[in-house]
Amino acid sequence: MKCIIVEDEPLALERTKEYVQKLPWLQLTAAFDNSLDALEYLRGHSVDLLFLDIQMDELTGIQLLESVDIQAQVIITSAYSEYALKGYELRVTDYLLKPFTFARFVQATERARENATRQSAPEKQFIFVKTEYRLEKIMLDELLYIEGMRDYRRIHTTRGRIMTLQTFGELEQEIPAHIALRVHKSYMVALARIDSVERERIRIGEVLIPVSDTYREAFWGAIGGK
């Protein structure tokens, strides 16, 4: 994926460059310390991914997104969480809150890569899970949440519940991250089924599901929250 970085903090710019260079699926084609030069570049060049700071002189990252039709995916890098909602209104791929770790950076770029792959492939509509002596078909648009119960995972759908010995890791590989996300060591949730989030707890119907510290940042990034 061809990418550019727009970042006016020298140290943050160098760190993002280092992170990009570690990932073989990213090709850095340009880096800018101001949004005006980036805007001029984007008018004449095609890129796949844009790492964009928000707080910049003359033209902010948000103003840049609003001023030109950017076809590339955008990952915002910012020290300010209050712009997250506006970013997701502009359909950004992810929102990295500075200082972010390399692991979090990889997670964001993996999301961008999944999006690019999904655009060129049919949307996954169902999976099969092992239950007793058969494979059970689960339509992903019927998924509510998945609950860990010792050695078993209980899959809750609009049609009912299914028990499986498959691990959360196996289910995460099968279910695209934009459909269902791990939020706790014992829970995955279908993002489209979330009714509300209250005090680090997700409400799906009458069920309250906790969000643990391990998964909090990725979860808020996925829903465009704080």
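Which residue caps the N-terminal end of α2? Asn 34 does, with a side-chain oxygen 3.2 Å from the backbone nitrogen of Leu 36. The model is predicted: local features need pLDDT of at least 70 and side-chain atom pairs pLDDT 80 or more, while totals for chains, interfaces and linings use all residues. Residues are numbered from 1 along each chain as its sequence is written, and side-chain values use heavy atoms, without hydrogens and water.

**Helix α2**

Helices are DSSP runs (H or I, at least four residues) and strands likewise (E, at least two), numbered from the N terminus. Helix α2 spans residues 35-44, and its buried residues (under 20% relative accessible area, 1.4 Å probe, protein chains only) are Ser 35, Ala 38, Leu 39, Tyr 41 and Leu 42. Viewed down the axis of α2, these buried residues fall within an arc of 165°, so they line one face of the helix; the arc is that of the directions from the helix axis to the C-beta atoms. Glu 40, Arg 43 and Gly 44, on the other side of α2, are exposed (over 50%). The cover over the buried residues includes β1, β2, β3 and α3.

**Largest pocket**

The largest pocket has a volume of about 560 Å³. Among the 26 residues that line this pocket, the closest to its centre are Glu 114, Glu 172, Ile 175, Pro 176 and Ala 177. Helix α5 supplies the largest share of the lining, seven residues.

| Class of lining residue | Count |
|---|---|
| Nonpolar | ten residues |
| Polar | five residues |

Note on methods. Contact means heavy atoms within 4.5 Å. A polar contact is a pair of N or O atoms within 3.5 Å; within protein, one must be able to donate a hydrogen and the other to accept it, and residues adjacent in sequence count only if both atoms are side-chain atoms. On a 1 Å grid over the protein atoms alone, a cavity is a set of points where a 1.4 Å probe fits but cannot get out, and a pocket is an open set with protein on both sides within 12 Å along at least five of seven lines; lining residues have an atom within 4 Å of a point. Grid points are joined across faces, edges and corners, and a volume is the space filled by probe spheres set on the points. Ala, Val, Leu, Ile, Met, Phe, Trp, Tyr, Cys and Pro count as nonpolar, Asp, Glu, Lys and Arg as charged, and the others, Gly among them, as polar.
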